[in-house]
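Open the model in your viewer and follow the stops below in order. Each stop says what to select and what is there.

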Amino acid sequence: MASAILRSGFRSALRGGVSPITAVSKRSLASSAHLDEAAEASKWEKITYAGMVACSILAVVVLSKGHPHHDERPAYSYMHIRNKEFPWGPDGLFEVKRH
């Protein structure tokens, strides 16, 4: 296969045409990718640092604001009707016990 490519390259060179070898070697699609990798990595590193700063500032602004404190719910008599006492005591298992 390689010898066939070389032969066709030599034939076209003898005819004065552009050989496929020089046309292939001039392509810079994949061969120049490693040259741009450093610049691309540097760009994304800068974007990452800018995003970290922006998120940190946003978090400080949002968390520095106060939040509303809601009033306690009224103690309705019908909400805690117990006909039989719980085995662990008079209060519910997950209720705050204020005695």
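## A tour of the chain

The model is predicted, so color the chain by pLDDT, the predictor's confidence in each residue. The average for the protein chain is 76, and 67% of the residues score at least 70.

Now switch to a cartoon view. The protein chain has three helices and zero strands, and from the N terminus the order reads α-α-α.

Select residues 20-26 next. This is helix H2, whose mean pLDDT of 53 is the lowest among the elements of the protein chain. Where pLDDT is low, predicted coordinates should not be read in detail.

Move on to helix H3, which has the highest mean pLDDT among the elements, at 91. Helix H3 covers residues 33-64.

What do Glu40 and Lys43 form? They form a salt bridge, and their closest N and O atoms are 3.3 Å apart. The count of salt bridges comes to one. Side chains of opposite charge can pair when their charged atoms come close. Glu40 and Lys43 are three residues apart in helix H3, so about one helical turn separates them. Glu40 is partly exposed, at 38% relative accessibility. Lys43 is also partly exposed, with a relative accessibility of 38%.

Center the view on Met79, which lies in the segment after H3. Is Met79 buried or partly exposed? With a relative accessible area of 41%, Met79 counts as partly exposed.

Definitions and conventions:
Residues are numbered from 1 along each chain as its sequence is written. This is a predicted model: local features need pLDDT of at least 70, side-chain atom pairs count only at pLDDT 80 or more; totals for chains, interfaces and linings use all residues. Side-chain values use heavy atoms; hydrogens and water are left out. Helices (H or I, at least four residues) and strands (E, at least two) are DSSP runs, numbered from the N terminus. A salt bridge is a side-chain nitrogen of Lys or Arg within 4 Å of a carboxyl oxygen of Asp or Glu. Buried means under 20% relative accessible area, exposed over 50%, partly exposed in between (1.4 Å probe, protein chains only). pLDDT is the predictor's confidence in each residue, from 0 to 100.
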